[in-house]
Amino acid sequence: ASGAAMSVAVVVVTYNQGPDVVQLFDALGETRRDGDEIVVVDNASADGTAELAEAHEAVDRVVRSGGNVGFGAACNAGARESEADTLVFLNPDCVPEPDFMKEIRRGPAEWSAWMGLVTLADGATVNTAGGVAHFTGLAWAGRFGEPVDGVPPSPHLVGFLSGACMAVRRPVFDELGGFCEDFFLYGEDVELSHRLRLAGHRFGVVPSARVRHDYEFQKGDLKWELLERNRALLVLRTYPGPVLRLAAPALVAIELFLLPYALVSGWGGAKLRALRGLFARLPAVRAERRRIQASEAIEPVEFALALSGRLSSPFLGGVGRSGPVNAILGAYWDFVIELLRRRQGRGDAGRPSG
């Protein structure tokens, strides 16, 4: 189904959201259509969030996880509780614009997944208009802080989809096995986007589907630990073999820099825990990697071209703004892409024509 005929299941994962989440339910209730579903998965909130959801007339089902199982696992549980054509994952601190439920159905027919335009609370400034994925596994919100009016109005491809407002066609979501539950929090949307691309699916942003997001970039030991662990898991799970081998020297060099940098910067403990968590998961990652890479439907160079070689995130501080650092990383990734192009050319030359 597509367009007006598409049924939509909005899956919202909550964890101690409190009464603020009622604003989201009110907005969804005003714009939903017959056949749409609103499913809330509550990760053992202790502040009455689950009870508020159960009492709201717009909410069809509330799934109580029984514990904080993480974002990916909760999203997957909500997907299993719905029957709609398309799944829309929406952060609980988002507020959809009045025409959101109509506009989110406008994903192009040839796309398997898409996202809405996520603005800051003022509605005039971009939170993310599609993510940027760096070859090191870093990822950030694209166009953050720019005026909304500067975003091209037509649907267009992006580096990765934001889990704050992500739509996925159900058959594709089921085919890929949903979100990776091992991440717990942070990076699940990037990982799923990489698997979509690897399997030959197209995705992008539909700028007319807008939600406001009261976003604040928060730091802390747990966040740094999960970001660093999941960054490595993302690379090991999803990068095609030739891409991973060519990226490896740079990735190792960056790790040798990051550990002392983290120790000096005060988050060394989080970095060490991230490495410990990564090594503990390596046996499972090997098996998962074989399964994921078996779905490869594109050339490695196509995957590499979707990754940035330059840092452009406003959240990376002086390192991200460093001209020499960006020049080195950019030149390295340009060289990798050229090697992959040559490899592909040699492969094409050996194939029969006609």
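Two residues are in contact here when heavy atoms of one lie within 4.5 Å of the other. Keep that cut-off in mind as we walk through this model, which is a predicted one.

Let us start with a pair of helices. On the α6 side of their contact sit V190, E191, H194, R195 and L198, and these meet L234, R237 and T238 in α7. Sorted by class, the residues of this contact of α6 with α7 are three nonpolar, two polar and three charged. The geometry goes with an angle of about 15 degrees between α6 and helix α7 (residues 221-238), whose axes are 10 Å apart. Angles under 35 degrees count as roughly parallel, and α6 and α7 are therefore roughly parallel to each other. The crossing in which α6 passes α7 is right-handed.

With a relative accessibility of 9%, E228 counts as buried, since the label applies under 20%. For a sense of distance, take S162, which is 66 residues from E228 along the chain: the C-alpha atoms of the two are separated by 18 Å.

Helix α8 covers residues 241-265 and helix α9 covers residues 268-293; their axes come within 11 Å and cross at roughly 165 degrees. Angles over 145 degrees count as roughly antiparallel, and α8 and α9 are therefore roughly antiparallel to each other. The crossing of α8 and α9 is right-handed.

Now to the aromatic rings. Counting ring pairs with centres within 6.5 Å, the model has nine aromatic pairs. One of them is formed by F71 and F179, an edge-to-face pair with 5.7 Å from centre to centre and 65 degrees between the planes. This pair links distant parts of the chain: F71 is in helix α3 (residues 71-80), F179 is in the loop between α5 (170-176) and α6 (188-198), and 108 residues separate them. Both F71 and F179 are buried.

A second pair has another geometry to look at. The rings of F135 and Y332 have centres 6.0 Å apart and planes at 20 degrees, so the pair is stacked. F135 lies in the loop between β8 (131-133) and β9 (139-141), while Y332 lies in helix α12 (residues 323-349), so the pair ties together parts that are 197 residues apart in sequence. Returning to F71 and F179, ring pairs link them with F89 and F173 into a cluster.

Most residues other than glycine have a negative phi. F184, however, is not a glycine and has a positive phi of about 70 degrees. At 27% relative accessibility, F184 counts as partly exposed. N16 is another case: it is not a glycine either, and its phi is positive at about 55 degrees. Where does N16 lie? Its place is the loop between β1 (8-14) and α1 (21-31). N16 has a relative accessible area of 34% and is partly exposed.

H213 is found in strand β12 (residues 203-213), and at 7% relative accessibility H213 counts as buried. Not counting residues up to four places away in sequence, H213 touches N91, D93, C94, V118, T119, L120, A121 and N127.

Terms used
Residues are numbered from 1 along each chain as its sequence is written. This is a predicted model: local features need pLDDT of at least 70, side-chain atom pairs count only at pLDDT 80 or more; totals for chains, interfaces and linings use all residues. Side-chain values use heavy atoms; hydrogens and water are left out. Axes are lines fitted to C-alpha atoms, for helices over the stretch in contact, and angles run from 0 to 180 degrees between N-to-C directions. Helices (H or I, at least four residues) and strands (E, at least two) are DSSP runs, numbered from the N terminus. Angles under 35 degrees count as roughly parallel, over 145 as roughly antiparallel, 65 to 115 as roughly perpendicular and the rest as oblique. A crossing is left-handed if the near helix is turned anticlockwise from the far one by less than a right angle, and right-handed if clockwise. Rings of Phe, Tyr and Trp (its six-membered ring) pair if their centres lie within 6.5 Å; planes under 30 degrees apart count as stacked, over 60 as edge-to-face and the rest as tilted. Buried means under 20% relative accessible area, exposed over 50%, partly exposed in between (1.4 Å probe, protein chains only). Ala, Val, Leu, Ile, Met, Phe, Trp, Tyr, Cys and Pro count as nonpolar, Asp, Glu, Lys and Arg as charged, and the others, Gly among them, as polar.
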